[in-house]
Amino acid sequence: MSKPVLGAYRVVKTFGHVRALRHASFEAFPGEVTALVGDNGAGKSTLTKVLSGVYSPDEGEVRIDGNPVRLSDPHDAKARGIETVYQDLALAPDLDAAGNVFLGRELRRFGILHNHPEMRRRTATAFRDLGVGLVQDMRAPVAEFSGGQKQSVAIARAAMWATKVIVMDEPTAALGVIQTANVLELVERIRDKGIAVVFISHNLPQVLQVADRIEVLRLGARVARFRRGEADVDRLIAAISGAYANEANEESS
Amino acid sequence: MTQTKPTADTESQEPVTPSVPFVRALLRNPTMVTFAVLLAIIAAFSILAPDTFTQRSNFTQLAQNVAILTVVSVGTTFVIITAGVDLSIPSGIVLGEVFAVHALKLIGTGGDTTAADVTADQTKAWYILVALAGALLAGLIIGTINGLVVAYLKVPPLLATLGTLGAGLGAALILQNGVNTATYALDPLGHGSWIAAVPNLIPIALVVVVAGFILLHMAVFGRHTFAIGSNPEAARRAGINVERHLLKVYIIGGVSAGFAGFLSVAYFSTTSIGGHSTDNLQAITAVALGGTSLFGGVGSIIGTLIGVWIPAVLKNGFVITGVQPYWQDVAVGLVLIVAVWFDQLRRRTRNRG
């Protein structure tokens with residue numbers, strides 16, 4: 001069995017009096033979609049931000065390829081091959097797809113000029129590889145795209161740069177049925193490239209459909225882990241609500 | 001091409017902009033609208049006053065008249081694309097003038113109301129460079145203050161630059177004791193023509209336009225400027241230092257105003273501490289006419305160039321055809337409203353996705 005490419009081990013994160021994470025652990029494996037589920041306030045967001053370098057943990061550690069690392073900020077995480085797709089997508093609506101994909105990492109000519117034709121070419125190639133079809137010409141600002149297309153651009157951008165892990169925060173929350181199906185297909189294609197996908201969602205049927213592993217967070221700690229086929233919606237709900245656990249609660253609180 | 005499988009392709013075929021290609025193209029590119037307006041105005045006056053309006057000398061005169069406004073408008077384009085605004089342009093220009101003559105005074109070559117000034121043929125190239133350095137320093141100071149206050153203190157640009165507008169003009173009056181200084185040291189630049197009888201201000205403004213075009217449309221710097229105006233949070237998450245970039249943009253605005261002040265003192269052979277008071281509004285008008293969005297993220301240098309010419313051509317045409325030139329203000333005001341309305345329409349249409 002492969003080793004986890006990204007893991008958080010017994011992570012504690014406190015904000016004032018609020019203990020958002022109480023010895024939470026999490027592991028993501030290359031070529032697999034790991035879903036992170038839990039109720040509101042279970043610590044999903046905080047754990048995600050620890051994994052993507054936004055927060056540094058008070059206790060515990062984050063490991064990449066088994067080596068403990070200290071992620072100083074999101075750019076540090078990016079430099080180590082961990083990309084995050086935020087819920088608000090963080091696209092610049094007036095730039096075209098290539099402009100967004102290469103934002104902050106522009107290909108340059110003569111040091112200061114950008115090489116837009118080459119960026120556009122590489123974006124088109126990457127989109128084709130990922131099966132992101134964009135009929136609209138590559139010059140159109142992404143503001144003209146539909147919600148699903150924007151989501152696809154954001155995910156494809158992460159996929160182009162991620163060498164190890166992509167963290168996706170509720171990637172289908174705002175999408176219609178067909179758009180959701182497209183995005184899930186895209187997630188699977190990225191996984192099949194050997195990238196570890198961390199998939200945060202409230203939609204349990206969707207999680208069961210796409211995830212190879214499911215980790216359940218409750219009150220700031222992991223309470224259950226499932227492989228594909230081990231869980232159904234009822235069991236997930238039981239784990240989320242505290243009626244089921246298959247992992248020892250590491251802290252009595 | 002047929003689509004059988006429901007991929008991302010099929011959903012994109014929903015029309016997201018109006019289906020009439022012409023309207024769609026117009027909404028996509030507001031610069032084309034203003035360009036058409038400019039061509040229509042030129043065509044109308046060419047018919048109404050074929051002998052005078054279309055003369056080469058008339059266009060040369062026009063180009064010279066708009067040169068200074070063109071320079072500041074290029075800088076303002078950058079500022080407005082970041083969804084900011086720079087009202088302090090007049091203080092940048094006037095302080096540029098004042099610093100230029102004070103720099104001349106420092107090296108003892110006139111620029112003083114009492115001391116004997118050099119004449120045009122006594123001046124030397126390095127006098128001009130000293131005055132230029134002074135003017136650019138003034139612009140740098142104003143721009144840096146604007147940038148620091150807007151980017152780091154998070155004061156809304158409208159008020160931050162309103163503050164430096166008043167403060168800068170006051171400082172200029174203090175430095176000048178309220179009176180203007182004449183100097184002829186910059187005459188070879190302001191009144192000469194190095195290239196084929198074309199007044200110097202025209203090629204100088206052209207160089208600024210080309211530099212602005214390269215920086216905005218071809219350089220990574222410009223790309224980041226658009227991104228910040230479009231979505232500062234996206235720019236920040238992409239690793240762009242948004243604050244530092246905004247500081248640079250306001251410095252560009254300030255330095256372009258300082259440089260305009262240098263050109264102004266060279267052209268008019270005097271400071272004009274009471275003048276330029278509407279240059280900020282003229283520049284903003286030009287930029288907005290040119291299709292640059294006041295909400296940020298969209299704009300072009302070419303559009304600004306067109307936007308500078310529309311009011312100038314109107315005024316010139318009205319004078320030549322004997323219409324009261326004040327109609328220019330009325331016409332420009334109306335065109336401006338239409339241009340900004342188009343911008344709004346374009347945003348509303350495309351943001352449906």
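This talk goes through salt bridges, a pocket, a surface patch and some backbone points in a predicted model.

Some ground rules. The model is predicted, so local features need pLDDT of at least 70 and side-chain atom pairs count only at pLDDT 80 or more, while totals for chains, interfaces and linings use all residues. Residues are numbered from 1 along each chain as its sequence is written, chains are lettered from A and ligands numbered from 1 in the order in which they are written, and side-chain values use heavy atoms, with hydrogens and water left out.

I start with salt bridges, meaning a side-chain nitrogen of Lys or Arg within 4 Å of a carboxyl oxygen of Asp or Glu. Over all chains the count is 21. One of them pairs A:Arg225 with A:Glu27 at 2.8 Å, N to O. A:Arg225 is in strand 12 (residues 221-227) of chain A and A:Glu27 is in strand 2 (residues 18-28) of chain A, so this bridge ties together parts 198 residues apart in sequence. Helices (H or I, at least four residues) and strands (E, at least two) are DSSP runs, numbered from the N terminus. A:Glu27 is buried at 15% relative accessible area, and A:Arg225 is partly exposed at 24%. Buried means under 20%, exposed over 50%, and partly exposed in between, with a 1.4 Å probe and protein chains only.

In another bridge, A:Glu215 meets A:Arg222, with the closest N and O atoms 2.8 Å apart. Both A:Glu215 and A:Arg222 are buried.

Which residue of chain A does B:Arg237 bridge to? The partner is A:Asp88, with the closest N and O atoms 2.9 Å apart. This pair crosses between chains, from helix 11 (residues 232-237) of chain B to the loop between strand 6 (82-85) and helix 3 (97-101) of chain A. B:Arg237 is partly exposed at 21%, and A:Asp88 is partly exposed at 49%. Through shared partners, A:Asp88, B:Lys154, B:Glu233, B:Arg236, B:Arg237 and B:Glu243 form one network of salt bridges.

Next, the second largest pocket, with a volume of about 700 Å³. It has 25 lining residues, and the closest to its centre are B:Asn65, B:Leu69, B:Gln282, B:Lys315 and B:Gln328. A pocket here is an open set of points on a 1 Å grid over the protein atoms alone, where a 1.4 Å probe fits, with protein on both sides within 12 Å along at least five of seven lines; lining residues have an atom within 4 Å of a point. The volume is the space filled by probe spheres set on the points, which are joined across faces, edges and corners. Helix 4 (56-81), helix 12 (242-268), helix 13 (279-289), helix 14 and helix 15 of chain B each give two or more residues to the lining.

On the surface, B:Val323, B:Trp327, B:Val330, B:Leu334 and B:Ile337 form a nonpolar patch with about 500 Å² of accessible area together. B:Val323 is in the loop between helix 14 (301-321) and helix 15 (327-350) of chain B. Patch residues have over 30% relative accessible area and no salt bridge, with like charges joined within 9 Å and nonpolar side chains (Val, Leu, Ile, Met, Phe, Trp, Tyr) within 5 Å. Areas come from the Shrake-Rupley method with a 1.4 Å probe, and for residues only the protein chains shown count as cover.

Last, the backbone. Most residues other than glycine have a negative phi. B:Ala83 has a phi near 70 degrees and is in the loop between helix 4 and helix 5 (89-106) of chain B. B:His276 has a positive phi of about 60 degrees, lies in the loop between helix 12 and helix 13 of chain B, and is buried at 15%.
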